[in-house]
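Here is a short tour of a protein interface and a metal site. Have the viewer open and follow along.

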Amino acid sequence: MGEYAVEVHDLHKDFGEVYAVKGVSFNVQRGEIFSLLGPNGAGKSTTISMLACLQRPSQGDALVMGHSVTAVPQQAKAALGIVPQEIALYDDLSARENLDFWGKMYGLRGAALQKQVDDVLELIGLTDRQKGRIGKFSGGMKRRVNIGAALLHKPDIIIMDEPTVGIDPQSRRHILDGVKALNQQGMTVLYTTHYMEEAQELSDHIAIMDQGEIIALGTHGELVRIVGEQDRIDLRINAPSELVMAHWQEVPGVSQVTADDGLISLLADDSNVVLPRLFEVATAVNVRITSVEIQEPNLETVFLHLTGRALRD
Amino acid sequence: MRVVDLAIKDLRQILRERQSAFFLLIMPVVFTLLFGFAFGGFGGGDDEDPRLPVGFLNQDAGTVSEDLVTLLAQSDVIRLVTDTMDVADLETQVKDGVTAAAVIVPAGYGQHMTAGELVPLTVIVDSGNASGITAQEEVTAAVTRLLSALQTAQVGMETAVSQNVISESDKPAYFETTLARAITAWAAPPIQVAVSQSGAVDESGTETAVSSDNAFAHSSPGMMAQFAIAGLITAAQILVLERKSGSLRRLLTTDMSRGSILLGHYLAMFVTILAQLFILILFGQLFLKLPYFQEPAATLLLTVASALFAASLGLLIGALAQSEEQAIIFSLVPMFVLAGLGGAWVPLEFTPEGFQRIAFFTPIAWMMDGFKDIIVRGLGLEAVLLATAVLIIYAIIFWGLAAWRFRFE
Ligand SMILES: Nc1ncnc2c1ncn2[C@@H]1O[C@H](COP(=O)(O)OP(=O)(O)OP(=O)(O)O)[C@@H](O)[C@H]1O
Ligand SMILES: [Mg+2]
């Protein structure tokens with residue numbers, strides 16, 4: 001068994017004409033939190049499906065705790081806990097009944113099962129609500145049970161597919177803290193998200209995914225350095241103008257200009273130097289700047305730099 | 001073991017759903033009663049007398065026709081209904097199936113018969129109705145007995161006169177006494193004709209015509225067959241929801257194989273229908289007085305085969321339906337088609353031969369046939385073996401289709 005919990009070698013997946021994953025490779029070290037960060041449709045879930053042995057790769061392979069997902073899927077599966085992107089639970093059963101059922105499906109029985117269910121309920125903070133039906137739970141509570149169901153069999157690795165989608169900030173906080181706690185107990189975490197703050201807060205390593213490919217991989221610090229010491233300047237103007245964007249592109253120190261839904265984003269070496277020039281150019285072509293915002297470099301900036309598009313939906 | 005755990009989970013969900021009780025038990029019981037009363041045919045509420053009702057109108061007066069009544073009243077097959085004085089009404093009752101046949105004794109019948117002249121009784125039957133023929137045969141038998149009794153009395157009287165035992169004026173009284181004695185002798189006939197079933201085989205021989213005395217002998221197995229299909233609506237919906245929610249996919253992340261997941265769901269459906277059928281059979285036995293327990297082994301075998309078949313259809317419905325609404329439609333459509341064609345509503349023996357041939361392409365017809373073999377024809381294990389085999393073949397076919405079409409996401 002190698003030093004990696006997960007090794008992914010050149011994974012491909014196509015659905016007929018749709019190339020969902022186009023040659024993805026990365027390694028997840030034991031005991032770390034590794035994030036796949038990417039927008040909708042990037043191929044995160046498809047990649048995870050292949051790791052979970054739910055879909056067969058069109059090409060390539062992955063090792064989970066040294067077990068090939070194509071050759072020995074049963075062994076690979078046993079090492080994994082999967083938290084699906086959707087709430088894969090039974091609405092008409094209670095939280096405890098759900099956990100009880102999933103525990104049995106993972107092969108637990110009797111007292112060992114009951115103890116695990118108790119522990120997991122404690123961990124997800126739902127001991128008091130264990131008899132409540134899932135269907136009556138809030139989104140955040142459902143998400144917590146969804147995670148809990150993947151922890152019962154104490155897997156070496158937990159893979160979480162966007163576990164914080166569509167929930168309130170308090171529940172999100174609870175989940176992020178829970179992920180860190182699990183990691184501190186020694187569990188390897190593979191986490192996917194399209195929130196850069198989550199990737200930044202949690203991860204030891206981050207792979208940025210877009211359109212089926214990994215376009216950057218490293219620690220948060222390494223990734224941010226890709227864009228150098230550049231700032232990101234977001235501007236709004238009174239009327240759409242191709243002309244002003246073309247002129248801004250010519251301003252020394254500006255490396256990239258992109259427009260997205262009325263918001264113009266620039267990457268600039270030093271906003272203090274560049275900003276006055278931007279106003280001058282705008283005035284010259286009769287465009288009014290209505291708002292300006294300067295952001296320090298972050299993963300959002302990196303994504304913008306690499307793809308010319310914004311990460312958020 | 002995990003297959004059983006999965007089935008238990010399904011059963012828990014099925015029991016928790018209020019509509020389950022509705023489709024599994026309430027509807028079939030209600031429809032069994034409704035259909036029973038609607039198509040029950042003869043004498044709906046009169047469960048006590050199992051004999052075929054025969055309309056009877058006596059236009060004659062005198063002892064001979066009364067003796068005929070006595071003979072007919074001894075019958076194990078027919079009973080006389082004498083509430084109508086109108087010939088047209090008698091005909092209508094036969095046509096509507098209220099009575100199996102009608103007998104009219106013409107005026108002067110007794111006089112002519114005593115004089116040794118044969119006068120036919122008018123017997124009204126519906127030629128399409130096997131019970132009518134049975135009733136007619138019984139009436140003919142009674143008339144034959146009456147004739148021989150009359151002859152006995154005649155011979156007895158003439159002998160008495162010739163030997164001067166009685167005077168000419170005592171003749172009528174002596175005749176009557178002798179006749180009465182002859183008639184009474186028929187009550188204990190020298191040859192006992194055992195009539196175990198009031199049925200007869202029609203010429204084509206495709207389907208045994210059966211007229212059970214019990215109004216529910218058809219509707220009980222009919223509604224059992226029909227609602228064994230509808231009973232799986234909840235189970236199929238649970239499968240659909242499991243797929244929709246992603247739980248089915250999640251099951252695949254455990255080391256449950258696809259086959260054992262299907263088997264677990266099938267097991268839950270099988271147990272559901274088995275329980276449903278047992279309760280309905282118990283209801284039939286205890287409240288409708290249908291002799292399901294007369295042949296317990298045959299009933300058990302047929303019930304298990306029926307549940308195997310119905311559950312496989314349920315699995316197929318769960319495999320094909322994409323939404324909860326579709327699960328309902330995919331259950332109700334085959335339910336109506338199979339139940340209608342298979343003779344769950346109208347007994348196949350009342351349908352044309354061509355229809356019957358089509359009917360036996362449906363599993364329902366076999367299920368019905370098997371149960372009627374037990375509760376109507378009084379047959380046992382051997383009689384239901386074919387129906388059992390056919391139902392199991394259907395189960396295998398539906399299983400194959402379900403496994404082939406089953407999608408996990
Ligand atoms: N079964 C499938 N058949 C056809 N196309 C598919 C299938 N599954 C995924 N895709 C396509 O593959 C691409 C990647 O999808 P995937 O779900 O992996 O993205 P994702 O990164 O998880 O996105 P999201 O944030 O929306 O969950 C998308 O274009 C999607 O439409
Ligand atoms: Mg996804």
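A salt bridge here is a side-chain nitrogen of Lys or Arg within 4 Å of a carboxyl oxygen of Asp or Glu. By that rule, four salt bridges cross the interface of chain B and chain A in this predicted model. One of them joins B:Arg12 to A:Glu97, with the closest N and O atoms 4.0 Å apart.

Which helices of chain B each supply at least two residues of the side that touches chain A? They are α1 (2-16), α9 (233-245) and α10 (247-253). The largest share, seven residues, comes from α1(B). By class, this side of chain B has five nonpolar, six polar and twelve charged residues.

As for extent, the contact takes 23 residues from chain B and 29 residues from chain A. The two chains bury about 2,400 Å² between them, and carbon and sulfur atoms give 51% of that area. On the chain B side, B:Arg16, B:Arg250 and B:Thr253 lose the most area to chain A, together 32% of what that side buries.

Now to the metal site. The magnesium ion (ligand 2) is coordinated by A:Ser45 (OG) and A:Gln85 (OE1), at 1.9 to 2.1 Å. Because A:Ser45 lies in helix α1 (residues 44-51) of chain A and A:Gln85 in the loop between β6 (80-83) and α3 (95-105), the pair ties together parts that are 40 residues apart in sequence. The table gives their accessibility.

| Residue | Relative accessibility | Class |
|---|---|---|
| A:Ser45 | 25% | partly exposed |
| A:Gln85 | 30% | partly exposed |

Note on methods. Residues are numbered from 1 along each chain as its sequence is written. Chains are lettered from A and ligands numbered from 1 in the order in which they are written. This is a predicted model: local features need pLDDT of at least 70, side-chain atom pairs count only at pLDDT 80 or more; totals for chains, interfaces and linings use all residues. Side-chain values use heavy atoms; hydrogens and water are left out. Contact means heavy atoms within 4.5 Å. Buried area is the accessible area (1.4 Å probe) that two parts lose on being put together, summed over both. Helices (H or I, at least four residues) and strands (E, at least two) are DSSP runs, numbered from the N terminus. Ala, Val, Leu, Ile, Met, Phe, Trp, Tyr, Cys and Pro count as nonpolar, Asp, Glu, Lys and Arg as charged, and the others, Gly among them, as polar. Donors are N, O and S atoms within 2.8 Å of the metal (3.2 Å for Na, K and Ca); water is not among the atoms, so sites may look incomplete. Buried means under 20% relative accessible area, exposed over 50%, partly exposed in between (1.4 Å probe, protein chains only).
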